[in-house]
Amino acid sequence: MKRVYFSGIQPSGEITLGNYLGAMRRFVTMQDEAECIFCIVDLHALTVPQEPESLRLSIRQLAATYLAAGIDPNRSILFVQSHVPAHATLGWLLQCVAYMGELERMTQFKEKSAGKAAVSVGLFTYPALMAADILLYQTTHVPVGEDQKQHVELTRDLAERFNSRFGDTFTIPEPLIPKFGGRIMSLDDPTKKMSKSNPSPNSKILLQDKPEQIRKKIRRAVTDSEAVVRYDKENKPAISNLLTIYSLLSEEEISVIEQRYQGQGYGTFKNDLAELIITKLEPLQQRYQEWINSPELDAVLAHGAEKAAAIAEQTLKKVKEKMGLHI
């Protein structure tokens, strides 16, 4: 069986260094391993209120970031979710297969709805749409972080239930979780993931941050009182997070980095890390500016939607036939 990788990222807020290191940079190398489908999941963004013009801009910015990071539209499919109607259709059909209890147990719904007087129905049911995103393309593997594993497990459960009830239709996908660097943590709280939705600007490095912004954020990044550059995820989570970023960008083993900064404290290490980030992001930022202002971006997304729809419609046709919707 050929390997098919599917991944979706919401166009909500600017992309962080964590998104890049934990996902996008891995996607580039995955293009050599399998058929890759990358989706800008704008329908998922609607589970919380969005300003239309801001959402339109965010979709375009995310597409430009994918391409600037190295996604090749000649080798992979890059498209916007809402441009392929089969996603919404299969999302509804899978809602009719899913159980309330399954959706109530989803950790992300509990986190995002906590403390709110009201939340949208879409926030509750969106795991079924996420399952549809994955299953439409007969996906074999889903590159995710540990925090998204539960969604892949639900997708597997829904696919197996559908196949059992209606006959073999969907490929059962496997999560593809990196052993190292898949979850970059917040700069001001290493117990939380670096998130584009975090309102604190010092919690994250944005891919479009200017050099001085990067230097300032790394200088302010929390550490500990030991002042020893040593990887210890349990006892030194903050400095371990910074070491992970350094290792991923420099492609050096952490032990090599620890040896380099032995006895130097955190100041020198932080200064060097900031300059490393600036150096690595500069060419990506230049390519981003070229793509964001290019009409070719629209052509890439339109062509990607055509290729995605051709695959998705085949799966949806089978589903409708199995469920008795084609007469």
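In this predicted model, the count of cavities of 30 Å³ or more comes to 1. Such spaces can be found in a simple way: rolling a probe the size of a water molecule over the atoms shows where empty space is left. The volume of the largest cavity is about 30 Å³. Its lining consists of Ser 186, Leu 187, Pro 190, Ala 221, Val 222, Ala 238, Asn 241 and Leu 242.

The second largest pocket holds about 330 Å³ of space. It is lined by 19 residues, and those closest to its centre are Gly 181, Gly 182, Arg 183, Met 185 and Lys 233. Domain 1 (4-182 + 294-323) and domain 2 (211-288) each contribute at least three residues to the lining of this pocket.

The table sets out both linings by residue class.

| Space | Nonpolar | Polar | Charged |
|---|---|---|---|
| Largest cavity | 6 residues | 2 residues | no residues |

The fold may now be considered, beginning with a strand. Why is strand β1 (residues 4-9) described as largely enclosed by the rest of the structure? Of its 6 residues, 5 are buried, which means under 20% relative accessible area, and β1 is therefore largely enclosed. Strand β1 pairs with strand β2 (residues 35-40) in the parallel sense, over 6 bridges. Between β1 and β2 the chain passes through helix α1 (residues 17-30), and this β-α-β crossover is right-handed. Within the pairing, Phe 6 stands opposite Ile 37 in β2.

Notes: Residues are numbered from 1 along each chain as its sequence is written. This is a predicted model: local features need pLDDT of at least 70, side-chain atom pairs count only at pLDDT 80 or more; totals for chains, interfaces and linings use all residues. Side-chain values use heavy atoms; hydrogens and water are left out. On a 1 Å grid over the protein atoms alone, a cavity is a set of points where a 1.4 Å probe fits but cannot get out, and a pocket is an open set with protein on both sides within 12 Å along at least five of seven lines; lining residues have an atom within 4 Å of a point. Grid points are joined across faces, edges and corners, and a volume is the space filled by probe spheres set on the points. Domain bounds come from an automatic or database domain assignment. Buried means under 20% relative accessible area, exposed over 50%, partly exposed in between (1.4 Å probe, protein chains only). Helices (H or I, at least four residues) and strands (E, at least two) are DSSP runs, numbered from the N terminus. Two strands pair if DSSP finds at least two bridges between them. A crossover is right-handed if, with the strands pointing away from the viewer, the path from the first strand over the helix to the second runs clockwise. Ala, Val, Leu, Ile, Met, Phe, Trp, Tyr, Cys and Pro count as nonpolar, Asp, Glu, Lys and Arg as charged, and the others, Gly among them, as polar.
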